[in-house]
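Hi,

Here is the structure I promised to pass on. Have a look at it first, and then read on for what I found in it.

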Amino acid sequence: MRKFKKWILGIIATVASGVLLAGCGFPGLSGSSSDTVRIASQNTTEQQIMAYVIQDMIQHYSKLNTTIINNLGSGTVSFNALKNNQADISSIRFTGTDLTTILGETADRGNVKATDDKVRSQFNSKYHMTYFPSYGFADTYAFMVTQKTAKKYHLNSISDMKKVASKLTVGLDQTWLERKGDGYDDFQKLYGYKFGNTYPMQIGLVYDALESGKMDAILGYSTDGRIGSYDLKILKDDRNFFPPYNASAVATNKVLKEHPQLKPILSRLNGKIDLKTMQNLNYKVDNNLVEPEVVAKQFLEQHNYFEGSDK
Amino acid sequence: MAHMNLLQQLGYYYQQNGAYVLSQFTRHFLISIYGVLFAAIIGIPIGIFIAHHSKLSAEVIAIANVIQTVPSLAMLSIIMIGLGLGVNTVIVTVFLYALLPIIKNTYTGMRNVSPSILDSGKGMGMTRWQILRMVELPLSLSVIMAGLRNALVLAIGITAIGTFVGAGGLGDIIIRGTNATNGGAIILAGALPTALMAIISDTVLAWIEKRADPTQK
């Protein structure tokens with residue numbers, strides 16, 4: 001019994017010293033102290049570019065410390081990070097995704113504005129988070145095939161795939177398969193077919209898999225730079241299955257209150273980045289071996305940090 | 001980029017992103033150093049203490065051993081539950097893994113000081129504090145340094161996994177390489193500096209370890 005007590009004591013001592021350690025900030029490492037603005041970013045190129053854009057903007061216009069919490073696995077993880085006060089700003093959130101996954105409602109497929117308004121007000125009242133106006137681009141899931149496959153099966157829209165679906169090998173985003181509202185289950189209900197073979201993959205890898213002929217069709221993001229460079233064909237969502245995904249920054253009301261200078265800084269980005277610009281930025285990272293951090297800096301310098309655009 | 005071979009891509013990558021790689025390198029190194037430093041501050045006194053109270057030694061080393069057997073990714077996740085995302089979680093993980101080599105080596109180093117030397121110290125009328133400071137510590141310093149060296153190399157490896165809790169460091173570059181088109185060059189661009197960091201710190205500490213050994217002078 002006495003031995004057991006010693007063990008417990010030892011473990012408690014280790015844990016306690018660990019917690020003590022975690023409480024203090026470390027010089028040279030941003031993000032370890034408590035007055036730092038923490039930007040959550042997921043593991044996609046787009047998310048990381050925007051996270052660095054936000055970081056650079058904050059550093060340009062204020063003296064706040066910033067850090068990026070990188071490589072989060074999904075929108076839900078980054079949402080929870082904000083909710084549990086482990087992060088302050090989410091670099092990109094999509095209204096359509098948040099409506100179905102976080103708020104658990106079905107999207108009004110035709111009406112983008114209604115979705116935006118609903119998500120904006122619900123995030124504010126339920127979760128005390130501020131949804132900024134859109135950056136100016138929308139990202140949506142899109143089924144893509146190579147031009148060759150499109151010709152072979154005469155594919156123009158998602159409905160066209162129905163007759164060949166059982167023969168197709170399709171690469172899909174892991175999270176999409178399990179999603180409610182706009183995931184695979186509901187897709188089958190609306191379009192009335194399923195694919196022969198589905199491979200859940202890391203989203204960054206699907207484009208290469210399609211290009212190299214390992215997949216017949218993929219589900220990717222419409223903003224990806226590789227669509228242009230591989231000349232992929234996007235199949236028209238003729239039944240409007242995928243809800244509108246307007247991209248915005250989201251910040252907790254807490255951090256906006258603590259640092260009132262943040263709101264005008266983030267608002268400078270409203271409507272500044274259109275789809276073409278985002279594709280272009282993504283292309284630089286995905287194809288030209290440039291890091292998101294460098295791309296973000298170049299982009300902001302090119303636009304002079306959107307000086308003079310505050311209202 | 002397809003027209004370049006892997007080495008050319010690697011060169012091009014460093015040319016484009018040199019400053020970024022350097023900042024991640026520093027960050028990676030600092031995370032590892034802080035973890036090991038705290039482990040040293042806590043581990044060395046524990047090692048000295050259990051060397052003098054050998055009844056406790058078995059238990060303390062057993063606890064450190066148990067910590068060591070937890071897979072690092074699991075440990076990181078467990079600590080994340082408590083401390084959340086970010087750099088502190090990684091520093092605490094590094095700290096826990098660095099404890100065993102440091103405690104064990106301090107203990108071994110102290111125990112290996114020959115009892116006859118200790119007796120002659122006592123015979124000269126030295127206090128316990130003096131024996132520790134002037135006899136035991138100098139004689140075991142090289143073994144303690146070897147422990148720190150092990151701990152640091154281990155720490156650099158663990159910090160690379162820290163990217164999964166959003167801590168940054170060179171692991172970020174490696175993970176990005178696995179997501180990118182033809183990411184081979186990016187993976188190398190992250191992995192090579194990590195390996196280099198481990199090798200360099202190992203060599204430097206090996207040199208210090210040698211210098212610290214009074215019997216080699």
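A question to start with: in which sense do strand E5 (residues 141-146) of chain A and E8(A) pair, and over how many bridges? The two run antiparallel, and four bridges hold the pairing. One thing to keep in mind throughout is that this is a predicted model.

Let me stay with E8(A) for a moment. Strand E8 covers residues 217-221 of chain A, and five of its five residues are buried. Both of its faces are covered: A:Ala217, A:Leu219 and A:Tyr221 are buried on one side, and A:Ile218 and A:Gly220 are buried on the other.

Now the wider view of chain A. The chain has 14 helices and ten strands, and 43% of its 311 residues count as buried. If you take the contacts in chain A with a separation of 6 or more, 77% of them link residues 24 or more positions apart.

Next, the open sheet in chain A. Five strands make it up, in the order E2-E1-E3-E10-E4, with mixed pairing. E2 and strand E4 (129-131) are the edge strands, each pairing on one side only. On average, neighbouring strands of this sheet are turned by 30 degrees against each other, direction ignored.

What about strand E3 (residues 89-94) of chain A, and how many of its residues are buried? Six of the six are, so E3(A) is largely enclosed by the rest of the structure. E3(A) pairs with E1(A) in the parallel sense over two bridges, where A:Ile39 has A:Ile89 as its bridge partner in E3(A). E3(A) also runs antiparallel to strand E10 (residues 247-252) of chain A, joined by four bridges. In that pairing, A:Ser90 is partnered with A:Val250 in E10(A). E10(A) pairs with E4(A) as well, antiparallel and over three bridges, and A:Val250 turns up again there as the bridge partner of A:Tyr131.

Helix H3 (residues 75-83) of chain A packs on this sheet and touches E1, E2, E3, E4 and E10 of chain A. The direction of H3(A) makes about 165 degrees with that of E1(A). Helix H4 (residues 95-102) of chain A lies across E3 and E10 of chain A, at about 90 degrees to E3(A).

Is A:Arg38 buried or exposed? A:Arg38 counts as buried because 24 other C-beta atoms lie within 10 Å, and the cut-off for that is 20 or more. Between A:Arg38 and A:Lys167 there are 46 Å, C-alpha to C-alpha, with 129 residues separating them in sequence.

As a general point, nonpolar side chains tend to be buried together in soluble globular proteins. Here, the largest nonpolar core has 113 residues, and those with the most contacts inside it are A:Ile54, B:Ala39, B:Val94, B:Ala98 and B:Ala155. Helix H1 (residues 6-52) of chain B gives the most to this core, with 16 residues. Beyond its neighbours within four places in sequence, B:Ala98 is in contact with B:Gly35, B:Val36, B:Ala39, B:Ala151, B:Leu154 and B:Ala155. Another core, of 24 residues, lies apart from the largest one, and A:Val145, A:Phe195, A:Tyr221 and A:Ile227 are among its members.

Last, the place where the two chains meet. The contact takes 37 residues from chain A and 37 residues from chain B. On the chain A side, the elements that give two or more residues are helix H1 (2-22), strand E2 (65-72), helix H9 (206-211), helix H13 (275-288) and helix H14 (292-302). H1(A) provides the largest share of that side, nine residues. By type, the residues on the chain A side divide into 14 nonpolar, 16 polar and seven charged.

Cheers

Terms used:
Residues are numbered from 1 along each chain as its sequence is written. Chains are lettered from A and ligands numbered from 1 in the order in which they are written. This is a predicted model: local features need pLDDT of at least 70, side-chain atom pairs count only at pLDDT 80 or more; totals for chains, interfaces and linings use all residues. Two residues are in contact if their C-beta atoms, placed from the backbone, lie within 7 Å. Ala, Val, Leu, Ile, Met, Phe, Trp, Tyr, Cys and Pro count as nonpolar, Asp, Glu, Lys and Arg as charged, and the others, Gly among them, as polar. A residue is buried if 20 or more other C-beta atoms lie within 10 Å of its own, exposed if 12 or fewer, and partly exposed in between; C-beta atoms are placed from the backbone. Two strands pair if DSSP finds at least two bridges between them. A nonpolar core is a set of buried Ala, Val, Leu, Ile, Met, Phe, Trp, Tyr and Cys residues joined through C-beta atoms within 7 Å. Axes are lines fitted to C-alpha atoms, for helices over the stretch in contact, and angles run from 0 to 180 degrees between N-to-C directions.
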